Each structure stands twice: as structure tokens, then as C-alpha cells.
Amino acid sequence: MQSFGLGESIPPDTAHAVSVSLPTWRANVGYEEGEDWVVNRMTTGYPRFFIHRSIQAFAAEIAEKYGPVGSRLKAMLFPTRQIANRCAAFVRSRAPAADAADLTVVNLVVDSASPETKALQLFCPAVSAVLVSDTTFPIAKQYWQHTGDGVSSRRAEFCHGLLRDGLLKLDDGGSKSPGPGKSCRGPRRYQRPSSLDHGRPAHNGASSPGVASGEEVQETSRFLEERFGRNLDVSFVEPAKSAIRRRIAGALSGDHELSRSPLPEMVDNSRGVTLREHDVYLFPCGMNAIFNAHRALLGARSSDLKSINFGFPYVDTLKILEKFGPGCVFYGHASESDLDELEKNLEAGERFLALFCEFPGNPLLTCPNLKRIRQLADTYDFAVVVDETIGTFANINVLPYADIVVSSLTKIFSGDCNVMGGSAIFNPNGKYYSALKDWARRELEDTYWAEDVIFMERNSRDFASRIDRINVNAEAICGVLKEHPLVKSLFYPRYVLTSQNYEDCRLPGGGYGGLVSLVFHDKAQAVAFYDAIQTAKGPSLGTNFTLTSPYVLLAHYQELEWAAGYGVDPNLIRISVGLEETAHIVEVFRSALKAAEESASAK
């Protein structure tokens with residue numbers, strides 16, 4: 001199995017990789033402590049925690065070119081002015097007025113006066129920068145990390161080239177971003193057909209504009225490829241979005257070959273709810289889907305009601321609910337006793353905007369009782385948002401219990417660990433569906449970068465078959481781990497105490513997913529196992545290769561005691577199972593367990 005050096009991208013030699021190699025326990029601690037021997041060797045990192053080198057370079061040039069002379073401001077980059085303005089408001093609300101005095105927003109747009117750039121309007125390659133001082137930059141970075149609203153590395157790379165070639169200009173106020181909910185397709189000459197262009201709404205509720213001829217589309221594609229050297233057929237961007245949405249809806253499987261012709265009407269799907277394609281929304285990353293689900297509910301229902309975070313959360317979900325809006329109530333165990341307490345509070349008159357939960361949770365793989373949650377939501381009028389990233393819709397169906405289902409497409413849906421993406425489904429049978437759709441038409445922008453769309457569509461074509469293989473491998477690995485005397489606790493949806501809640505949502509033929517967590521009896525055993533295991537080692541999950549991580553160290557290093565209070569051991573090891581040959585990956589785990597045994601016997 002391939003080894004990965006410290007700081008090397010995972011996959012190796014991949015410009016837009018989503019993970020980075022931290023091959024030893026000590027390297028993970030060094031990363032969290034900001035030690036130079038780790039940080040200086042990192043070529044990349046997880047995109048919402050590590051600002052990609054392409055983004056850093058672009059931001060530095062914008063700050064130097066458009067910041068006040070001698071100001072030494074830093075730039076945080078976003079895809080639209082509306083998003084940049086939200087970041088600016090976030091910074092101003094949290095920074096002392098004196099520190100935020102220099103904050104400014106710079107909007108760069110394609111110079112539409114140049115005939116050469118007409119084709120670029122198809123991409124809508126605008127960029128907005130929030131220029132902040134050293135003291136307020138950490139606050140801007142909080143917004144960037146929590147919301148997932150920042151530009152993708154591919155967008156930054158592409159637009160940086162435009163800036164250097166003089167094709168991006170400072171917006172003088174005469175150019176306007178597309179309105180909320182609108183796809184940017186550029187001048188009529190450069191519009192092209194998509195699967196939505198026949199009387200149905202476009203992505204995020206946009207109505208479809210006119211359609212260019214195939215010859216004009218090909219001309220545009222040739223122009224972009226020749227001018228910018230991109231291996232990207234832009235005529236397939238809208239069909240690619242359509243294919244992604246249909247896969248998420250459970251209505252398209254297999255390696256469907258895209259064409260410029262519209263896909264047939266959606267009929268059946270695996271969700272158990274009649275869905276239309278425009279009930280599925282795409283976002284630049286999974287956390288952005290969660291952030292916008294929260295925004296949607298605040299806008300569609302009430303901006304005064306707190307939300308509920310039910311179950312031990314992924315880091316930024318809780319931060320979003322705490323920092324954006326009126327706050328939240330945290331039930332960290334997602335247990336029946338937590339539901340009992342919630343029900344008592346509801347009976348006493350407490351009211352909430354929404355309940356957010358993961359199914360299963362990360363990293364303990366426990367599952368909340370969605371049936372009971374749905375009953376409480378119907379009785380006491382709150383929305384339910386379920387993050388199905390770990391379970392995946394190929395194994396489970398949670399939509400009947402939720403008003404919104406969100407997922408990180410970056411993970412197993414993509415698998416290749418080289419592109420980000422997220423999705424949200426609005427349940428048409430939900431009580432708040434009409435209000436949510438109205439909000440989306442008014443407020444939601446399509447910011448998913450065209451190149452990222454193309455990569456995501458290609459990667460996801462064999463999603464269903466990959467899930468089957470990963471389910472098998474995960475079960476085999478659990479068979480090795482669950483009986484081993486050094487393993488104190490094994491976490492997997494089939495074996496945890498809430499397994500019946502998972503079974504209630506498991507599809508016929510569905511498995512239990514590719515995420516496994518384990519805790520050894522002592523830290524030395526965990527360290528020995530981690531250092532010895534011959535897999536890729538770094539952040540993220542759902543990769544086509546097995547990826548091991550001391551997850552709690554990375555996700556909760558500054559709050560280990562807090563996490564332990566909810567049963568999350570600081571030395572927990574999380575395994576994202578890949579597509580390797582089953583016998584081979586089982587032997588990899590047996591060998592790592594031997595290293596842990598030697599550590600134990602050395603005492």
C-alpha cells in the first residue's frame with residue numbers, strides 16, 4: 001500500500017486535494033499546536049480549515065492591488081458581493097469598531113466591454129474580497145470556516161489568471177451580480193440547453209433563459225479551452241448539475257453518459273417521497289448546505305427562535321447554530337433521555353426553529369430516534385434537518401422524517417478526494433416546503449463553480465457500486481476489531497446501542513456505511529496502532545481509499561475535556577473504509593493491531 005509523506009496531499013500530486021497526510025500521532029498534535037516542522041511541510045489541508053495556496057496567492061494580489069497604500073490588509077475571498085457583505089457584517093458585529101474601521105469590500109467582475117470576455121459570462125467568474133486588518137482576519141476566517149461560503153480553489157485559480165491578464169476589473173457599480181436564486185449564464189449568445197430548459201425551473205428556482213444553438217455552444221467551449229487551457233466542456237455544466245441532483249434524489253444510477261439533450265423526466269426514486277429535480281439544491285461544500293438550510297429556516301419561519309443541536313455534532317454545525325441567529329440548545333447524547341427532556345421542555349411551552357441532527361453521528365456512529373423526533377416536530381411545530389453524509393442515501397432513507405436533508409458530497413458521493421460539494425433536499429411533503437421554496441427563490445445564489453461541478457459529476461457516476469464494496473469492507477474490518485482484547489469500544493451503526501434506529505431507516509439491501517471508530521484501553525496502544533497502520537492518514541472521510549485519523553484530536557483539540565463529557569474519547573481513532581481488496585485491507589488492520597499488542601506487552 002502506498003505510503004504518504006508528512007504534509008503531502010492526499011491523493012498525492014493532486015492540485016485540489018481535499019486531504020493531507022499526517023502520518024504519525026505526533027504529527028497530528030504538531031499540526032494542532034502550529035509547530036513549524038509540521039505546518040511548514042503541508043502542501044495543502046482540508047479546504048475549510050486550510051486556505052489553499054491558490055486562494056492565498058490570489059488574495060494577496062487583490063489586497064496589494066486594491067487595498068489602501070501601506071495598509072497591509074489581508075483579503076478573504078467570496079464568490080458574490082452578497083456573501084462578502086454577510087462576512088463583513090459578521091466581522092463588524094464581533095470586532096471592536098476601531099479594529100474594523102479599515103474593513104472594506106472589493107468586487108471584481110469580468111470587463112464586459114471587451115468582446116474577448118463574452119464567453120466568460122457563462123462562468124460568472126466574479127470574486128468579492130473582504131479586506132481586513134491582522135486583528136480582524138481571525139474573525140473573517142471564522143465566517144469562512146463555519147459557513148463554507150468562500151471561493152473554491154479552482155475558482156480562485158481560474159479568476160487569478162483573469163486578473164493577471166487584465167480581464168477582471170474593479171466593479172464601478174454598473175455591473176450587478178445575478179439576483180438571488182439565479183444561475184449565471186451570461187449573454188444569450190452563450191447560453192446553452194440544460195435538462196431544465198423546457199418549462200421547468202432552473203437550479204435554485206431560477207427561470208430558464210433562452211437557449212443558444214449547438215454551434216454557438218461549441219464555439220464558446222473551444223474559446224475557453226484554447227484561451228485558458230482548460231479541460232472543461234462548459235456545455236455540460238448544466239447537464240452535470242442535473243445528473244448530480246438526480247443521483248442525490250435517488251432517480252439516476254450507473255455511469256450515465258451526459259449529452260446536451262435533456263434528461264428524461266424524473267419518475268421513481270429511492271427516497272419514498274415524490275421529488276422534482278429542483279427540490280435538490282447544490283452548494284460548494286457540505287457545510288454551506290447546512291449553513292443555508294439554517295438561513296432558509298430563519299428566513300422562512302422566524303428569526304427569533306433558537307434551534308436544537310441534537311447529538312454530538314460535527315464542529316461547525318454547532319458553531320453555525322450558536323453564532324448565526326438567536327442561538328441554540330444542545331443535547332449532546334442524542335439519547336432517549338435527551339428526547340424525554342426535550343419533550344418536557346416543549347410541553348412547558350418552549351418553542352424552537354428546528355432540530356439539526358446527524359444520522360449516524362460523527363464519530364460515535366449513534367443514530368437518533370427519527371420517528372420520535374418527527375412526532376415531536378409535528379406536535380410542537382419545529383423543522384427537522386438531517387445530515388445523512390455518513391449513512392448515505394444508498395444505505396438509508398431519512399427524507400420521510402425530515403423537512404430538509406443535507407449531505408456533504410465531498411465525501412463518499414465523490415470518493416476521489418479532489419473536489420468539494422454539498423446538497424440539500426427540501427421535502428415536498430413538509431409543512432414548511434412552500435415557505436422554504438419562496439425563500440430560495442428570493443435569497444439563494446448558485447455559487448457552485450463550473451469546474452467543481454464537472455469533477456463532481458464524473459466522480460459520482462459509480463457511487464452506488466462503490467457503496468456496496470465499502471459496506472462489505474467495513475463489515476470485514478469490524479469483524480477483526482470487535483473481538484480484539486485491546487479494543488475497548490467499537491463504534492459502527494450495526495453494533496451501537498441505537499442500532500434499531502438505524503434499522504428503521506435502512507433501505508432493503510442497504511448496508512451500514514464505511515465509517516468505523518474505535519477506542520483502545522490506553523493511549524499508548526492507540527498511538528502504536530495509528531503510527532503502524534499502512535493506510536492513508538489525514539482528515540476527511542468517504543474516500544475511495546481507506547483513510548485513518550485520530551479524529552477527536554483534529555476536530556476538538558481545544559475542547560477535549562468537553563468532548564469527553566459526551567462520551568467522545570480523546571484518543572478515539574476513526575477509520576473511513578475504502579475500496580481495497582477485502583483480504584488485503586483486513587491484513588492491514590491485523591498488522592496494526594499487532595503493533596498495538598507489542599506496545600501493550602512492552603509495559
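## Serine 540

In this predicted model, serine 540 sits in the loop that runs between β16 (536–537) and β17 (547–549). Its phi is near 90°, a positive value in a residue that is not glycine. Most residues other than glycine have a negative phi.

Is serine 540 buried or exposed? The relative accessible area of serine 540 is 8%, and buried means under 20%, so serine 540 counts as buried.

## The loop between β10 and α12

The loop between β10 (354–358) and α12 (370–380) contains proline 363. Leucine 365 is also found in the loop between β10 and α12.

Which residue is joined to proline 363 by a cis peptide bond? The partner is asparagine 362, and omega of this bond is about 15°. Most peptide bonds are trans.

Leucine 365 is not a glycine, yet its phi is positive, at about 60°. The relative accessible area of leucine 365 is 1%. Buried means under 20%, so leucine 365 is buried.

## Proline 11

Where does proline 11 lie? Its place is the loop between β1 (9–10) and β2 (19–20). The peptide bond between isoleucine 10 and proline 11 is cis, with omega about 0°.

## Summary of the bonds and angles

The cis peptide bonds described here join isoleucine 10 to proline 11 and asparagine 362 to proline 363. The positive phi values described here belong to leucine 365 and serine 540.

How values were computed:
Residues numbered from 1 in each chain as written. Predicted model: local features only at pLDDT ≥ 70, side-chain atom pairs only at ≥ 80, totals over all residues. Heavy atoms only, no water. Helix = DSSP H or I, 4+ residues; strand = E, 2+ residues; numbered from the N terminus. Buried < 20%, exposed > 50% of the residue type's maximum accessible area, 1.4 Å probe, protein only.
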